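Morning, everyone. Please have the sequence and the model open side by side. I'll go through a few residues and then the wider layout.

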Amino acid sequence: MVTRSHTVAFQGVDARPVEVQCAVSPGLPAFSIVGLPDKAVSEARDRVRSALSSMAIALPSKRITINLSPADLPKEGSHFDLPIAVALLSALEIIPADAAEGTVSLGELSLDGSLVPVLGALPAAMTAAAEDRSLLCPRASSAEAAWVDATQVIGAESLGDVVRHFSGQSPLPVAKPGEVSLASSTRDLRDVKGQERAKRALEIAAAGRHHLIMIGTPGSGKSMLAARLPGILPPLTPVEALETSMIQSLCGLLDEGGISRSRPFREPHHTASMAAIVGGGKGAKPGEISLAHNGVLFMDEFPEFPRTVLETLRQPIETGEVMVARANAHVKYPCRFMLVAAANPCKCGYLTDPARACSRAPVCGEDYLGRISGPLMDRFDLRIEVPPVGFTDLDLPPSGDSSAIVAARVEQARSIQADRFRETPATRQNADVEGNVLEEIAAPDAEGKELLLKAAERFGLSARAFHRILRVARTIADLDGERDVKRPHVAEALSFRISAKIAS
């Protein structure tokens, strides 16, 4: 007789259903696991044997075969311990077979039978709900899985709890979702003295999810401005929070099963590898661009990143997803992020200061910013120069609007976009719109169109740049509460796109 239990194998944020089949047959005593298991899965037989022994359950002197179906799907991770144990307990008639088949389970077993929390409980709960099964997992992982209210989630402390639950001796309670948190930023835009144009660019970028690059001398406030961006971004919507949390669940970043409504803000160091930024490594794990999904990816010292790393950003910026292709895995992750980059104008950083610039100016600046390729620079909607702040300006009182006031305007603009795109779930902000829809919602008036066409001819703008200017102009109009895109909106969008010192 063959008994069955169910679990999942992770491919990106997708949890693929896996059937665990257990056969106990006559023959020489053996315990084998087949179905493309990795080293961690193969070692499950020793953990399962020890866990059963701690419960005074001896394995029969027969041949035990565990098959993980489909057999051609790679199986990785220690979360297969619990479903293997459940299938084996069902074969030994310790727990009912129908109970085992009606449950998706995952969890790592300790040698004493206790259950260790594992990654990916939230995507596993989504798959269990799709298959109309309940989910059984370690109690420490149950709070995050319980956010999927379409299925019943049971958390257990040990394998003994699982046996008592399935046998009806002591049913386990249904798990409750973790806490919802919304971190409040203590950094205010008013802390930044001057830089009103840079603050305006941040507001526009936040309102429409536009990509932004800031170029300025060291100490001019680029990093300080970027650090205040989370304070003006609206909270994640329920759909966005679930998407972001599924990626965080795979990386073990959910704190005690809680879900955050704050948008991710990732700031990798410029020594990060391609696998760290895009994704890869063992199991093709998500990279920084996926961890920044629905949030911000801030890359300071942008030209210092390896050229190969920078060039890999070009396609994800356009498509909102990345395919991590390896010899043994092809995994797709979502990565709809807002890229904010900061750079010095040259290697020494003082290209625009005649008293401090090196003798190689202006060639040094061309060489340094030349590390950013033209196609990549073309993908930045907003480009600003951040001038140095004078010592006298530091004694001035705070100027401009506070983060709370700016955040209210940003949220209002995003609510306008949400209403505009409510019939097209794939399009959420102005940065996502394209094709005929872009021409319909962002078509400027006659004066604005004339200005845009003249600028396109004068500066040789690409078709991509032309459309990105329209998107930014649409966002500026939304911030102003205007139904139509007018000449002032186009003019401001052009001013952020065309600069004498930043390559276009």
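Let's start with Gln-417. Is it buried or exposed? Gln-417 is buried, because its relative accessible area is 0%, and the cut-off for buried is under 20%. Keep in mind that this is a predicted model.

Where does Gln-417 sit? It belongs to helix H17, which covers residues 403-420. Now follow its side chain. The side chain of Gln-417 reaches the backbone oxygen of Ala-207, at 2.8 Å. Which residues does Gln-417 touch, if we skip those up to four places away in sequence? They are Ala-207, Gly-208, Arg-428, Gln-429, Asn-430 and Asp-478.

Let's step back to the whole chain. It is divided into three parts: domain 1 is 2-177, domain 2 is 189-425 and domain 3 is 433-503. The centres of domain 1 and domain 3, taken over C-alpha atoms, are separated by 56 Å.

Now Thr-103. Thr-103 lies in strand E5, residues 103-105. Thr-103 has 7% relative accessibility, so it counts as buried. What does its side chain do? It makes a polar contact of 3.4 Å with the side chain of Ser-134. Leave aside the neighbours within four places in sequence, and Thr-103 is in contact with His-6, Arg-133, Ser-134, Leu-135, Leu-136 and Phe-166.

Last stop, Arg-49. Look for it in helix H2, residues 44-54. Arg-49 has 36% relative accessibility, so it counts as partly exposed; that class lies between the 20% and 50% cut-offs. Arg-49 touches Phe-31 and Leu-59, again not counting residues up to four places away in sequence.

One distance to finish. How far apart are Arg-49 and Lys-282? In sequence, they are 233 residues apart. In space, they are 27 Å apart, C-alpha to C-alpha.

Methods
Residues numbered from 1 in each chain as written. Predicted model: local features only at pLDDT ≥ 70, side-chain atom pairs only at ≥ 80, totals over all residues. Heavy atoms only, no water. Helix = DSSP H or I, 4+ residues; strand = E, 2+ residues; numbered from the N terminus. Buried < 20%, exposed > 50% of the residue type's maximum accessible area, 1.4 Å probe, protein only. Polar contact = N/O pair within 3.5 Å; in protein donor to acceptor, adjacent residues only side chain to side chain. Contact = heavy atoms within 4.5 Å. Domains from an automatic or database assignment.
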